[in-house]
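Subject: Handover of a protein structure

Dear colleague,

Please find below the sequence and the structure that I am handing over to you. I would ask you to keep both in view while you read the notes that follow.

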Amino acid sequence: MMGPRQEAQGALFYEFSIEDHVPKDHLLRSIERFVDLSDLRKHLAPFYSSTGRPSVDPELMIRMLLVGYTMGIRSERRLCEEVHLNLAYRWFCRLDLTDQIPDHSTFSKNRHGRFRESDLLRHVFETVLACCLEEGLVSGQRLAADASLIRADTNRRNSSPQSEWTPDRIDPSDAPRAVKECLETLDDAAFGAASPVKPKFTSHSDPASQWTGAR
């Protein structure tokens, strides 16, 4: 016998547990067992004001970024949409069904603000690495480098040959953020001065970027 037509009707009360809807073998369940962000607030305390409107929970932001890294979600705008829709992502971020998702612009403001000033991402990385060493997942004797290409937000026409690019004439106060960061690392042996290779063309908006024929 054909069943009745299913129609959506709003219920007055719900009994719903996100925990029951996340598969036991889900990747985020395996990661959750090792994620310990209990010291984030103590680490970031000096970079928050004692007055004003309460901020977005920094642990929530880091958990959302972990979801993006592990699930291959590069766009923070899309990451917010996926966390809003996906029950497993909400569970990992410790969000209920009615909890609001932070705006994507919050990540950019914190990354270039208090996250960078406090060196938070390095702190999280070193914490995770120490956990991996303790569990025997890594030996600490080998190094792997990521050679992924990241598309720069530049215009090929807004560039000049290396011989014509004179950073001494740039006013740092009027330069965009990417140019300021490049100028700060020009004499750093670990970054700007580490390689003798000079690019043929230099972008005016992001001097650290280079042309490539690879896709």
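What percentage of the 215 residues of the protein count as buried? The share is 25%. Please bear in mind throughout that this is a predicted model.

Overall architecture

The protein has nine helices and two strands. Along the sequence, these elements follow the pattern α-α-α-α-α-α-α-α-β-α-β.

Helices H3 and H4

Two packed helices are described by the angle between their axes and the distance between the axes. Helix H3, residues 58-71, packs against helix H4, residues 76-85, at an angle of about 100 degrees, and their axes are 10 Å apart. An angle of 65 to 115 degrees counts as roughly perpendicular, and H3 and H4 are therefore roughly perpendicular to each other. On the H3 side, the contact is made by Met64, Leu65, Val67 and Gly68, and on the H4 side by Glu76, Leu79, Cys80 and Val83.

Val83 deserves a separate look. This residue of helix H4 counts as buried, because its relative accessibility is 0% and the limit for burial is under 20%. Setting aside residues up to four places away in sequence, Val83 touches Met64, Tyr89, Arg90, Cys93, Leu95 and Ile101. Its C-alpha atom is separated by 8.4 Å from that of Val67, a residue 16 positions away along the chain.

How many aromatic pairs does the count give? It comes to one aromatic pair. The ring centres of Phe201 and Trp211 are 4.6 Å apart and the planes meet at 15 degrees, so the pair is stacked. Phe201 belongs to strand S2 (residues 201-203) and Trp211 to the segment after S2, 10 residues apart, so that the pair links distant parts of the chain. Both residues are partly exposed: Phe201 has a relative accessible area of 31%, and Trp211 has one of 43%.

Ser159 lies in strand S1, residues 159-161, and is buried, with a relative accessible area of 17%. Beyond its neighbours within four places in sequence, Ser159 is in contact with Phe201, Thr202, Ser203, His204 and Trp211.

Cysteines

The rule requires the two sulfur atoms to be within 2.5 Å. For Cys131, the closest cysteine sulfur is that of Cys132, at 5.8 Å, which is too far for a bond.

Two positive phi values

Most residues other than glycine have a negative phi, and most peptide bonds are trans. Arg94 has a positive phi, near 60 degrees. This residue lies in the loop between helix H5 (87-92) and helix H6 (105-111), and Arg94 is exposed, with a relative accessible area of 54%. Asp119 also has a positive phi near 60 degrees. Its place is the loop between helix H7 (114-118) and helix H8 (120-135), where Asp119 is partly exposed at a relative accessible area of 39%.

With kind regards

Key
Residues numbered from 1 in each chain as written. Predicted model: local features only at pLDDT ≥ 70, side-chain atom pairs only at ≥ 80, totals over all residues. Heavy atoms only, no water. Axes fitted to C-alpha atoms, helices over the stretch in contact; angles between N-to-C directions. Helix = DSSP H or I, 4+ residues; strand = E, 2+ residues; numbered from the N terminus. Parallel < 35°, antiparallel > 145°, perpendicular 65-115°, else oblique. Contact = heavy atoms within 4.5 Å. Phe/Tyr/Trp six-rings, centres within 6.5 Å; stacked < 30°, edge-to-face > 60°. Buried < 20%, exposed > 50% of the residue type's maximum accessible area, 1.4 Å probe, protein only.
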